[in-house]
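Look at the model below.

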Amino acid sequence: MAKVYVFDHPLIQHKLTYIRDKATGTKEFRELVDEVATLMAFEITRDMPLEETEIDTPVSRTKSKILAGKKMGIIPILRAGIGMVDGILKLIPAAKVGHIGLYRDPETLKPIEYYVKLPSDVEERDFIVVDPMLATGGSAVEAINSLKKRGGKHIKFMCLVAAPEGVKALQEAHPDVDIYIAALDEKLNDHGYIVPGLGDAGDRLFGTK
C-alpha cells in the first residue's frame, strides 16, 4: 500500500495558514503556493540517489557527492497544478515538465482526459504528479492512469491539502504511488469540496470565478 507523508515543517504549516485564508489575494496566494511547493520539493527529493566525485577546493583535492543523474519529471494536473511547478523547478531546474489536462463529465462526474503532453523518455524518469488539492481523488487517479499507460513507472503524488476520501481512493487505485501532502483535512462536503480546505485552487491562483 502507498505510504502517506504529511509535512509538518513549521514554515510549510505557517504558509499554508495564509493559503487557506479567504482574505489572501491572488498575488499573495500564488506566491505562497510557489513557496510551499519549493519547501515540499526539498522533502520529496530526500531519497534521490547520490554518487561520489572528486573536485579541487581552493585548499585541497577531495571526494564529494553529486546527484546520480536520475532523470526527473514534473506533471501538473491542469490547471491548478501549474501553480506548483515553478516552486519545484527552483530546486530541480533540469526536470522536464509534462502536462495532463482533465475535465469532469457533468453527467457521470468522472474525469475525462483532454490533453496529455509528456517528455519523450517517460520510462526513464521519476515523476512527481502535482495538484494543490486531493479531494475525491478522481483527477489524481486518472492522471496517474494516463502516465502509466504511456510507460511511467516511478511516480509520486504531491498536493497541498487532501481529504481522507481522496487519499483512500488514490491508495486503492495506485498502491505503488506514495502521497506527499502538507495537510490531511477533515472530510469532503456534499459538493465535493475539502473541509476546511482552501476553496477552488484554480480560481484563487488565476483570479477567476
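## A partly exposed strand residue

Val6 has 43% relative accessibility, so Val6 counts as partly exposed. Buried means under 20% relative accessible area, exposed means over 50%, and partly exposed lies in between (1.4 Å probe, protein chains only). Val6 sits in strand β1, residues 4–6. Strands (E, at least two residues) and helices (H or I, at least four) are DSSP runs, numbered from the N terminus.

This is a predicted model: local features need pLDDT of at least 70, side-chain atom pairs count only at pLDDT 80 or more, and totals for chains, interfaces and linings use all residues. Residues are numbered from 1 along each chain as its sequence is written, and side-chain values use heavy atoms, with hydrogens and water left out.

## The first annotated site

An unreviewed UniProt entry gives a "binding site" covering Ile194, Gly199, Asp200 and Ala201. The lining of the largest pocket includes Ile194, Gly199, Asp200 and Ala201. A pocket is an open set of points on a 1 Å grid over the protein atoms alone, where a 1.4 Å probe fits, with protein on both sides within 12 Å along at least five of seven lines; lining residues have an atom within 4 Å of a point. UniProt positions use the numbering used here, feature names are shortened, and annotations may be inferred rather than shown by experiment.

Is Ile194 buried or exposed? Ile194 counts as buried, because its relative accessibility is 6%. Ile194 lies in strand β13, residues 194–195. Leaving out residues up to four places away in sequence, Ile194 touches residues including Met133, Val161 and Leu188. Contact means heavy atoms within 4.5 Å.

Asp200 is in the loop between β13 and α6 (201–206). Asp200 has 31% relative accessibility, so Asp200 counts as partly exposed. Beyond four places away in sequence, Asp200 touches Arg79 and Tyr193.

## The second annotated site

UniProt (unreviewed entry) also places a "binding site" at residues including Arg79, Arg104, Asp131 and Asp200. Arg79, Arg104, Asp131 and Asp200 are among the residues in the lining of the largest pocket.

Arg104 is in strand β6, residues 99–104. Arg104 is partly exposed, with a relative accessible area of 47%. Not counting residues up to four places away in sequence, Arg104 touches Leu109, Lys110, Pro111 and Thr136.

Asp131 lies in the loop between β8 (125–130) and β9 (133–134). Asp131 is buried, with a relative accessible area of 11%. With residues up to four places away in sequence not counted, the contacts of Asp131 include Ile77, Met84 and Phe157.
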